[in-house]
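Please read it alongside the sequence and the coordinates.

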Amino acid sequence: MFIKHYFNIANPKELFIKDRLNLLKQLVKASVTRMPFQNLTSFGAFLPCDRATPQFKEVLRSGVKGEGGLCGHLNNFMILHLETLGFDVDRLSGCFRRTGVPMSHQLIKVRIPGHVSKEPVTNPMEKREDRTYIVDVGSGIPLHEPICIEKLPYYGRAGGLNFRYERVDENTLQRVNENGDAIMGNKPSSFMSPQDYTIDLAPRKYSEFNGPVHAIYSNPRSVFLHQGIYCFRYLNFTEDDFEMVCVRGKELILITKETRQVQSFSSYEELKPSLYKYFPMINTNDVELTVKHFSIPFEEAIKMPSNKP
């Protein structure tokens, strides 16, 4: 019901049988459009020292409510839909190259049998090979389609800058942004984007992420998500382009395939109308508390005692 009414995909079971890859693509685009990557409900509404490690049911609840969340929220919610439909999936771990923290990212591997693939072949009699795809609907970076592992490298472009997914070795892939990224803008060639990460292709259980998730949520100094607003979603797609919006700190960033426009604000209060406009799925009270919270200097906020949520 959620897929039909919230993701607006009318016939998912029929598509699963007839064209599984097309269904996967539709699910990915629906997710990144309707479900934002955002830290407002995870870190924004409460002081950094107040956050507890979310339980799995809380992760899923953020999806059911349509409010989105971080990689653990969004990709695990997608895994639930994919498994319910009958997809063959694994949970994967990622490591952001800039920090080197193992398992600091969660994403998905999906296998699609060749006999249900609608990919074109040169010879109609040619055997259709099974394909394996990387899906990541839980990252604040441009990625709105499955990436076929057998067809790497994959090249993309956003904000007028290039990025790629490539194989490192038999068990590892990586995302590399060239000369900056769509969020940070153009940078020197030596710059390593905060959005670059490696992907370990070994399947993982959700419980294996308990340590990294606990560290991120319980240690306010461990990630920048505790220190300012960061939210991201696609607004629309055309055949050859897209439009997406990111709020990072006190900046509103509008991005297409070739352009990047930045509007800076003097305060979070001044930024607040943009949050209401571009992220209407987030509860008004959470927006208000987030603006109030992040308006306090981080070094002061972390010292303030208050009740746990």
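**Strand pairing, cavities and a buried asparagine**

Glu243 stands opposite Thr256 in strand S14. The model is a predicted one, and the points below begin with the sheet to which strand S14 belongs.

**The sheet**
- Strand S13, which covers residues 242-248, and strand S14, which covers residues 251-256, run antiparallel and are joined by six bridges.
- Both strands belong to an open sheet of five strands, in which the order is S1-S12-S13-S14-S15 and the pairing is antiparallel.
- Strand S1 (37-38) and strand S15 (260-264) stand at the edges with a single partner strand each, so one side of each has no neighbour in the sheet.

**The cavities**
- Three cavities of 30 Å³ or more are found in the structure, and the largest cavity has a volume of about 70 Å³.
- The lining of the largest cavity consists of 13 residues, and those nearest its centre are Val32, Phe37, Val137, Ser139 and Phe232.
- By class, the lining residues of the largest cavity comprise 10 nonpolar, one polar and two charged.
- Strand S12 (residues 230-237) gives the most to this lining, contributing three residues.

**The surroundings of Asn76**
- Asn76 lies in helix H6, which spans residues 71-85, and it counts as buried because its relative accessibility is 1%, where buried means under 20%.
- The side chain of Asn76 makes a polar contact, at 2.9 Å, with the side chain of Gln106.
- Leaving aside residues up to four places away in sequence, Asn76 touches Phe56, Val59, Leu60, Cys71, Arg91, Gln106 and Tyr206.

How values were computed:
Residues numbered from 1 in each chain as written. Predicted model: local features only at pLDDT ≥ 70, side-chain atom pairs only at ≥ 80, totals over all residues. Heavy atoms only, no water. 1 Å grid on protein atoms, 1.4 Å probe; cavity = no way out; pocket = protein on both sides within 12 Å on 5 of 7 lines; lining within 4 Å. Points joined across faces, edges and corners; volume = space filled by probe spheres on them. Helix = DSSP H or I, 4+ residues; strand = E, 2+ residues; numbered from the N terminus. Nonpolar A, V, L, I, M, F, W, Y, C, P; charged D, E, K, R; others polar. Pairing = 2+ DSSP bridges. Buried < 20%, exposed > 50% of the residue type's maximum accessible area, 1.4 Å probe, protein only. Polar contact = N/O pair within 3.5 Å; in protein donor to acceptor, adjacent residues only side chain to side chain. Contact = heavy atoms within 4.5 Å.
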